[in-house]
Amino acid sequence: IVASTALYGGSQNLLHYTMRRFGIETTFVKPGDFDGWRAAIRPNTKLLFGETVGNPGLDVLDIPAVSDIAHAAGVPLLVDSTLTSPYLIKPFDHGADLVYHSATKFLSGHGTVIGGVVVDGGSFDWERSGRFAELTQAYDGFHGMVFSEESTVGAFLLRARREGLRDFGASMSPHTAWLILQGIETLPLRMERHVDNTQKVVEFLAEHPFVARVGHPLMPSHPSHALAGRLLRHGARGAGAVFSFDLRGSRAQGKAFVEGLRLFSHLANVGDCRSLVIHPASTTHFRMTDEALAGAGISQGTIRLSIGLEDPADLIDDLKRALKAAEKAEA
């Protein structure tokens, strides 16, 4: 696998540690390094993988460019579209072959389920590629079935369902599926509110003297500002409702900021109708030294927000109160 470096930490661990135990190696390249993508492809490469917008830095993946590289090498491009949802970008329209979502996030939208969705776009020619004998040759596990003949459109999805669900048990409960479907019915309305609220919050934070940096493509200084404008619905606003910013302060001040919030919930989830916050240096990354944090692109004052559906004025008032508490904490 060749994967973007701008991935959710859980995905990085899966690729770097867990998959390696099963003999699957991953080479990581920066999402905008097209020469790096090409150079990393080997004769045994089976997949290119990236996120529509990386979590949490929001590096936008140039799907048309990376898909061209993948197809020239005869391999598919898989895209994680969790943070954008299908409302803000449709990866298949830009050349992706496979898409997945953590349905726990924006698709369900209420933080009530754990689930995932994988979609086969039906456009990749598995036969022509010559790299996928498991799809184009007879499989004894299904009485000699050739998946690419059984389904000329969704051969990958057919095997994923018939073998993956049968043998690995990744079957969603009916109630979970129903809750996700209920959430999808309101997805366009919710996403509009998410991005509207996020724009207001980003603009507020960008002007606050205690904030050193706001990491959202809405900011002209963000490296993906122009690309977001070209690929995403609503331009840079379409980079979604999850982003990070840096306080001009210490770990203690970052912790004080979170403790000073009343409306935001202190949770590691994202894509909820409720606004969420986490301070990596005192929670998910608290065992790391300041030097190690810097190496991971995280400062002592880095805060990640997932902006929900509340009144934006209430969210900004909550942030004002917490920022004041963080400033006082140093004194």
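Predicted model: local features only at pLDDT ≥ 70, side-chain atom pairs only at ≥ 80, totals over all residues.
Phe 132 is buried, its relative accessible area being 7%.

A pair of aromatic rings is described by the distance of the centres and the angle of the planes. Across the whole structure, a search finds nine aromatic pairs. In one of these, the ring centres of Phe 124 and Trp 126 are 4.7 Å apart and the planes stand at 65°, so the pair is edge-to-face. Trp 126 also pairs with Phe 132: here the centres are 4.9 Å apart and the planes meet at 90°, so this pair is edge-to-face as well. Edge-to-face applies to both because the angle in question must be over 60 degrees. Phe 124 counts as buried at 10% relative accessibility, and Trp 126 counts as buried at 5%.

Glu 127 is located in helix 5, which spans residues 126-129. With a relative accessible area of 45%, Glu 127 is partly exposed. Ser 129 is found in helix 5 too, but Ser 129 is buried, with a relative accessible area of 17%. The value for Ser 129 falls in the buried class because that class covers everything under 20%. Between Ser 129 and Pro 280 there are 151 residues in sequence and 42 Å in space, taken from C-alpha to C-alpha.

Val 117 is found in strand 6, residues 116-120, and is partly exposed, with a relative accessible area of 30%.

Side chains of opposite charge can pair when their charged atoms come close. Arg 159 and Glu 163 are both buried.

Another salt bridge links the side chains of Arg 166 and Asp 167, at 2.7 Å from N to O. Arg 166 counts as partly exposed at 46% relative accessibility, and Asp 167 likewise counts as partly exposed, at 40%.

A further salt bridge connects Asp 318 with Arg 321, their closest N and O atoms being 2.6 Å apart. These two residues lie in helix 14 (residues 312-330), three residues apart, which is about one turn of the helix.

Helix 10, covering residues 187-207, contains Glu 192. At 24% relative accessibility, Glu 192 counts as partly exposed. Glu 192 and Ser 151 are separated by 41 residues in sequence and by 37 Å in space, C-alpha to C-alpha.

The backbone deserves attention at two positions. Most residues other than glycine have a negative phi, and most peptide bonds are trans. Ser 85 has a phi near 65°, a positive value in a residue other than glycine. Ser 85 is found in helix 4, residues 85-88, and counts as buried at 1% relative accessibility. His 143 likewise has a positive phi, near 55°, and is a residue other than glycine. The loop that holds His 143 runs between helix 6 (133-136) and helix 7 (147-150). Is His 143 buried or exposed? With a relative accessible area of 80%, His 143 is exposed.

Methods:
Residues numbered from 1 in each chain as written. Heavy atoms only, no water. Helix = DSSP H or I, 4+ residues; strand = E, 2+ residues; numbered from the N terminus. Buried < 20%, exposed > 50% of the residue type's maximum accessible area, 1.4 Å probe, protein only. Phe/Tyr/Trp six-rings, centres within 6.5 Å; stacked < 30°, edge-to-face > 60°. Salt bridge = Lys/Arg side-chain N within 4 Å of Asp/Glu carboxyl O.
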